[in-house]
Amino acid sequence: MQSEPETVCNVAISFDRCKITSVTCSCGNKDIFYCAHVVALSLYRIRKPDQVKLHLPISETLFQMNRDQLQKFVQYLITVHHTEVLPTAQKLADEILSQNSEINQVHGAPDPTAGASIDDENCWHLDEEQVQEQVKLFLSQGGYHGSGKQLNLLFAKVREMLKMRDSNGARMLTLITEQFMADPRLSLWRQQGTAMTDKYRQLWDELGALWMCIVLNPHCKLEQKASWLKQLKKWNSVDVCPWEDGNHGNELPNLTNALPQGANANQENMGQCKSLEYQHLPVHKFLEEGESYLTLAVEVALIGLGQQRIMPDGLYAQEKVCRNEEQLISKLQEIELDDTLVKIFRKQAVFLLEAGPYSGLGEVVHRESVPMHTFAKYLFTSLLPHDAELAYKTALRAMRLLVLESTAPSGDMSRPHHIASVVPNRYPRWFTLSHIESQQCELASTMLTAAKGDVRRLETVLESIQKNIHSSSHIFKLAQDAFKIATLMDSLPDITLLKVSLELGLQ
């Protein structure tokens, strides 16, 4: 095959503390990533460091020259590049000879070859203009030609930067967000009162998720966080900034595409996941013995899942609440619980049951709180072999579905951290209610199965079902489940469970 004719490119690379801080190349190729010539020179510098002559900063070299040498140096420099630098040289000469000029008020002079101070921030070179151009191009293609895939690759690059603690992550995400905000389709959709496409909405979700990673970064300075907050508020105040649910006031949700029902909803996707082996890596500087990154990660996940949160308004946001919860639980299910982790589960379950209004498993919750059925089912199955009493206590507390109650419980007002539930005048638009009720039913069925042979617990679970489940089809399903569990082939029929089945069937 004929190869392209050989071309010589002039490449300049500046680096500071093992980071490439600026690049220029005469090839003229424009891209977010470095051109092949910059990569080649970088590899050459890494592999053959002795072949690249190392110079002292130019200020040091000039310091060693006498007056005649300095004059010769400057005049030769101007002669070689006279067309480019002569106007600048004459301007600087005039300023230096003027006593009152600004240049004479500053001690010393800049040296681009000396590098930054050790305290100065240093970051990888990022061609901001090219990032903006690429994002603009991908957005203009409107999902065609793999543009969505390209944008996701850019998001992946931001994640990689955040992982490496590269300050360019926030810079690059800012540039991407600005282009998203400038997308002309936003104002068009707003005028027409139409919703964003699902693919486009998912890209906005990814933007939001990445900003969350940035603002929650514990290694960031307060000034940085303050500037990001200012920027986020500025974007949020723009008229065309999309809501999480789009113009949900004008759109009729397509409930035929609602979330899948029942216990195997995510398969009282996941099949694709490879089983991972999680290990305890010790954490230094923590006081409690036995703590590791794994125990901390699990504890944070349990705290997050147990937080009381109000159901958002629109269909898309409500589906996302369910989806995010199920994804996090599926991650937790990959971890094999050892004694250390069981201790964390016990601690968090007790804490959430006894906590005040921030807990979704507290004694009193807001009427429109997101139900804890899915989370409680996971807690129940995890705790059951180790602490059955706590497992049942958690699951029974989570069985409530207050949004369907005509009146809310008053709670024990003698305890200062309990607040009375507020019953709103409007009936909320819970688009995912059928999915939520099916999860409530799954939780009840799980408890019935586990309680077989235990008269006291079966009666408690029955009372909870009769009090909290309002759907006749789900009560009938639980009657069937109870009958199946009571009459398994390998054992005698469980009389109590048969009574439960009969009572539920009659109800």
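Which side chains meet in a salt bridge with an N to O distance of 3.0 Å when you select Arg185? The partner of Arg185 is Asp183, a salt bridge being a side-chain nitrogen of Lys or Arg within 4 Å of a carboxyl oxygen of Asp or Glu. Asp183 counts as buried at 7% relative accessibility, whereas Arg185 counts as partly exposed at 21%; buried means under 20% relative accessible area, exposed over 50%, and partly exposed in between, with a 1.4 Å probe and protein chains only.

Before moving on, note that this is a predicted model, in which local features need pLDDT of at least 70 and side-chain atom pairs count only at pLDDT 80 or more, while totals for chains, interfaces and linings use all residues. Residues are numbered from 1 along each chain as its sequence is written, and side-chain values use heavy atoms, with hydrogens and water left out.

Now show the whole protein, whose secondary structure comes to 19 helices and two strands, these being DSSP runs numbered from the N terminus (helices H or I, at least four residues; strands E, at least two). Of its 507 residues, 36% count as buried, and the structure holds 13 salt bridges.

Select Glu206 and Arg159 next, where the side chains meet in another salt bridge of 3.0 Å, N to O. Glu206 lies in helix α9 (residues 198-215) and Arg159 in helix α6 (residues 147-163), so the pair ties together parts that are 47 residues apart in sequence.

Continue to Asp454 and Arg457, whose side chains form a salt bridge at 3.5 Å, N to O.

Ser471 is buried, with a relative accessible area of 12%.

Finally, select residues 9-46, which an unreviewed UniProt entry annotates as "domain: SWIM-type". Over this stretch the chain is 29% helix and 34% strand, and the end C-alpha atoms are 19 Å apart.

Key: UniProt positions are given in the numbering used here, feature names are shortened, and annotations may be inferred rather than shown by experiment.
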